[in-house]
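I opened the model today to look through strands, rings and pockets. My notes follow in the order I made them.

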Amino acid sequence: MKIIGITGLIASGKSTASNYISKKYLIIDADKISKFITQKGNIGYFEIVKNFGDDILDFDYNIDRKKLSSIVFSDKSKLHKLNNILHPLIFEEIDRQVVLFKDYNIVFLDAPLLFETNLYKKCNEIILICCRKDIQIDRIMKRDKRSYNESISIINSQINNEYKIENSNYIIQNNNDIDALYKKINVILDMIDKDYE
C-alpha cells in the first residue's frame, strides 16, 4: 500500500480537492474521524466537556464547534490541551483504517495538520494545496463568518506554507476557479497512477 497525504492551510481548498479525489480513490479523512469521535456520546466528546466545561455545549448538548474554536484559537495553551485530547484518538483510528485497507494499492490520507502532527511520516508522497493569503482570509471570513482578526489567528496557528512546500511532492496553487483546481489535480493523479501502477 502507498499512502498519499493531502494537506493545506485552512480555506486553501483542501476539502474540495479531497472530495474530488474521493470519486476515484479511497480516502482516510482525519477531519471526519475527529467529528465522529467528538459526537455526543463518544469518547472525545466526554473528554472535551470534562476539560472545557458545559459552556461549549449548545442547546442540544452537542459541542458548539464555533464556540470551542474561538476559545482555542485565542489561547495557544487551550489549543494545545485540545490537541492532546483529540490527536491520540484520531491517530489510533487512522492506524486502524490503514490496517483495514492494507490490500489497496493507493490510499489517500486527508489531514489539515499533516505536518503539525507528524502524520506526514506515514505518507509515501504528499500533495499540498495552497492559495494566496488574501484569498485564504476572504474565504474564512465568508465561509465561517469569522472576523478578520479571528481569521488571522486561525491561519497563524498552523505551520507556514514555506515549510510545507519544502516537504511536499506536489504543490497545487488554488487561486482560481474550481475547474482550474480539478485540472491540476488530474495531472497529479495521472503521475501518481503511473508511479504506482
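I started with strand S1 and its neighbours. S1 and strand S4 (residues 125-130) run parallel and are joined by five bridges. Ile6 stands opposite Ile127 in S4. I counted two strands as paired if DSSP finds at least two bridges between them. Strands (E, at least two residues) and helices (H or I, at least four) are DSSP runs, numbered from the N terminus.

This is a predicted model, so I kept local features to pLDDT of at least 70 and side-chain atom pairs to pLDDT 80 or more, while totals for chains, interfaces and linings use all residues. Residues are numbered from 1 along each chain as its sequence is written, and side-chain values use heavy atoms, with hydrogens and water left out.

Next I looked up S3. S1 also pairs with strand S3 (residues 106-110), in the parallel sense, over five bridges. Lys2 stands opposite Ile106 in S3.

Is S1 covered or open? S1 (residues 2-8) is mostly covered, with six of its seven residues buried. Buried means under 20% relative accessible area, exposed over 50%, and partly exposed in between (1.4 Å probe, protein chains only).

**Rings**

I then went through the aromatic side chains. The structure holds six aromatic pairs. One of them is Tyr45 with Phe46, an edge-to-face pair at 5.4 Å centre to centre and 85° between the planes. My cut-offs: rings of Phe, Tyr and Trp (its six-membered ring) pair if their centres lie within 6.5 Å; planes under 30 degrees apart are stacked, over 60 edge-to-face, the rest tilted. Tyr45 counts as buried because its relative accessibility is 8%.

Phe115, Tyr120 and Tyr163 form one aromatic cluster.

I also checked for charges over rings. The charged end of Lys81 sits over the ring of Phe52, 5.5 Å from its centre. The test asks for NZ of Lys or CZ of Arg within 6 Å of the ring centre and within 35 degrees of the ring normal.

**Largest pocket**

How much space lies in the largest pocket? I noted about 1,400 Å³. A pocket here is an open set of points on a 1 Å grid over the protein atoms alone, where a 1.4 Å probe fits, with protein on both sides within 12 Å along at least five of seven lines; lining residues have an atom within 4 Å of a point. The volume is the space filled by probe spheres set on the points, which are joined across faces, edges and corners.

The lining has 47 residues, and Ile10, Asp31, Lys35, Phe73 and Pro112 lie nearest the centre of the pocket. Helices H1 (14-21), H2 (30-37), H4 (65-72), H5 (76-100) and H6 (133-144) each supply at least two lining residues. H5 gives the most, with seven.

By type, the lining divides into 20 nonpolar, 14 polar and 13 charged residues. Ala, Val, Leu, Ile, Met, Phe, Trp, Tyr, Cys and Pro count as nonpolar, Asp, Glu, Lys and Arg as charged, and the others, Gly among them, as polar.

Two positive phi values went into the notes. Tyr61 has phi near 65° and is not a glycine. Tyr61 lies in the loop between helix H3 (43-52) and H4. At 55% relative accessibility, Tyr61 counts as exposed.

Asn118, also not a glycine, has a positive phi of about 65°. Asn118 lies in the loop between S3 and S4. Its relative accessibility is 40%, so Asn118 counts as partly exposed.

Last, I looked up Lys76 in H5. Lys76 is exposed, with a relative accessible area of 68%. The C-alpha atoms of Lys76 and Ser157 are separated by 8.0 Å, although the two residues are 81 residues apart along the chain.
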